[in-house]
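Thanks for making time for this. I would like to walk you through a few parts of one structure, so please have a look at it on the screen before I go on.

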Amino acid sequence: MSQYDVAVIGSGPGGYVAAIRCAQLGMKTAIIEKYNTLGGTCLNVGCIPSKALLDSSHHYEEAIKHFADHGIEIPGEVKINFKKMIERKGSVVEQTTKGIEFLMSKNKIDVYTGMGSFKDATHIEIKGDKTETIEAKNTIIATGSKPSTLPFITLDKERVITSTEALKLSEIPKHMVVIGGGVIGLELGQVYRRLGAEVSVIEYMDRIIPTMDSAQSKELAKAMKKQGVKFFLSHKVSNVSRNGDEVTVTATDKKDKEVTFTGDYCLVSVGRKPYTDGLGLDNAGVKVTERGQIDVNDQLQTNVSNIYAIGDVIKGAMLAHKASEEGTLVAEILAGQKPHINYNLIPGVVYTWPEVASVGKTEEQLKEAKIEYKSGQFPMRALGRSRASGDTEGFVKILSDKTTDEVLGVHMVGARCADLIAEAVTAMEFRASAEDIARMSHAHPTYAEAVKEAALAATDDRALHI
């Protein structure tokens with residue numbers, strides 16, 4: 001029987017990063033993955049393929065709507081080769097997952113393909129092409145999540161689909177009805193809207209991306225409405241039925257009036273839930289909360305001292321980069337180090353166009369906590385760089401403590417905000433004030449100048465270009 005210092009169950013961004021860090025710190029490490037490719041949901045059917053389709057569809061939209069503005073004329077009709085678009089997405093995924101295989105080999109991590117389940121707290125049975133058992137002093141559970149649904153919805157994965165199926169359709173929908181106005185629904189809804197589908201987003205709450213700052217919700221909704229996406233807010237879905245190639249969604253609006261939506265595809269994107277099926281947690285004595293999450297302490301240790309859990313199977317935001325940070329944290333704890341994670345500074349991003357990014361507290365959270373704050377906001381349209389590229393939608397908003405001026409939250413909508421948010425995270429990790437950011441030199445012309453201007457606006461309303 002093979003013995004290891006650490007076994008990692010699950011090879012997503014949490015699992016494979018945990019395995020690499022454990023190996024770097026001198027531990028004999030194994031990783032167990034039930035699928036034939038490494039990388040988990042993120043690399044195979046999540047972050048990476050969705051971004052590939054977002055970029056491809058963005059290029060198409062630019063060609064048909066904006067190239068002429070730049071003096072670029074394309075003779076004849078611009079056509080979509082949807083099959084090739086999906087094939088390209090597949091090749092991006094393949095390159096990325098093979099990269100993880102290389103990293104496992106480079107770091108001398110043993111890879112087991114099969115379903116891993118606990119026989120007891122130190123023995124894991126792996127059922128793959130053959131059944132074998134390994135022994136591990138410590139185990140990190142990193143099995144991620146799977147799409148949630150509503151109890152009355154039958155996911156046939158043909159017409160009533162999740163994000164997994166939406167990434168590999170064989171045709172462009174005529175009308176895609178999206179249940180859920182969160183990150184996944186908006187990103188995939190935008191992909192298919194750009195490609196010509198009618199897209200209707202049904203959201204239970206009174207705004208889209210309801211966990212982010214309300215100003216971001218309003219700005220993104222305004223931008224996507226211009227692009228032709230239809231939003232139906234404060235709508236409660238009560239039934240989804242399929243008749244042949246037609247799907248009917250029934251909902252009630254805020255006036256309790258019943259309304260129906262008919263399309264050829266229905267994307268159910270109402271969140272994700274922890275995936276712990278088949279792990280044999282009972283055999284190891286690991287406790288699970290009422291919400292199905294694995295219960296952990298602040299060191300991500302379960303009630304069984306040698307078993308840890310990270311990522312989507314535990315509490316907190318279901319984000320790939322959160323899982324990676326947690327994987328690193330557990331590896332370093334096992335090595336006797338004293339790492340930490342500031343969960344308040346894990347950024348959140350929506351990869352629509354314009355992009356949306358946030359870190360820290362929203363205005364709503366500060367008001368609820370009765371924290372006095374200053375707000376500085378700067379519109380992207382006031383930047384020379386934005387006008388040069390034609391990406392004038394959005395803003396940067398900085399919230400700082402009214403007394404100390406420490407930055408408490410940064411919220412952005414606009415071009416390249418997914419990258420710009422890192423500046424805010426860096427500043428907040430060092431507990432910068434709005435004035436600190438305002439005094440930093442930002443290259444001109446860049447989108448990042450909006451961050452400086454928002455900081456100036458939060459510092460005695462000193463923005464220079466509005």
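This is a predicted model: local features need pLDDT of at least 70, side-chain atom pairs count only at pLDDT 80 or more; totals for chains, interfaces and linings use all residues.

Let me begin with strand β15, which is covered on both faces: Y265 and L267 on one side, and C266 and V268 on the other, are all buried, where buried means under 20% relative accessible area, exposed over 50% and partly exposed in between, with a 1.4 Å probe and protein chains only. In a regular strand the side chains alternate between the two faces of the sheet. Residues are numbered from 1 along each chain as its sequence is written, and side-chain values use heavy atoms, with hydrogens and water left out.

β15 belongs to an open sheet of five strands in the order β8-β15-β9-β10-β11, with parallel pairing, and its edge strands, β8 (160-161) and β11 (230-232), each pair on one side only. Helices (H or I, at least four residues) and strands (E, at least two) are DSSP runs numbered from the N terminus, and two strands pair if DSSP finds at least two bridges between them. Two bridges join β8 to β15 (residues 265-268), with V160 opposite C266, while four bridges join β9 to β15, and there V177 stands opposite C266. Helix α6 (residues 183-194) lies across β9 (175-179), β10 (198-202), β11 and β15, running at about 165° to β10; axes here are lines fitted to C-alpha atoms, for helices over the stretch in contact, and angles run from 0 to 180 degrees between N-to-C directions.

Leaving aside neighbours within four places in sequence, V240 is in contact with F152, I153, V160, I179, V247, T248, V249 and C266, contact meaning heavy atoms within 4.5 Å.

Turning to the cores, a nonpolar core is a set of buried Ala, Val, Leu, Ile, Met, Phe, Trp, Tyr and Cys residues joined through side-chain atoms within 4.5 Å. The largest has 51 residues, of which M104, F118, I124, I134, I140, I141 and I294 touch the most other members, and the largest share of this core, seven residues, comes from α1. Apart from it lies another core, of 37 residues, among them L345, A382, V407 and A455.

The 15 residues of α9 (residues 320-334) should span 21 Å at 1.5 Å a residue, and the end C-alpha atoms are 21 Å apart, which agrees; the expected span is 1.5 Å times one less than the number of residues. The buried residues of α9 pack against α1 (13-24), β6 (131-141) and β17 (307-309), and just after α9, G336 takes a positive phi of about 85°.

In α12 (residues 417-429), the buried residues are C417, A418, L420, I421, A424, V425, A427 and M428. They cover an arc of only 165° around the axis, which puts them on the same side of α12, the arc being that of the directions from the helix axis to the C-beta atoms. These buried residues pack against β18 (348-350), β19 (355-360), β22 (407-414) and α13 (434-439), and α12 is followed by R431, whose phi is positive, near 55°.
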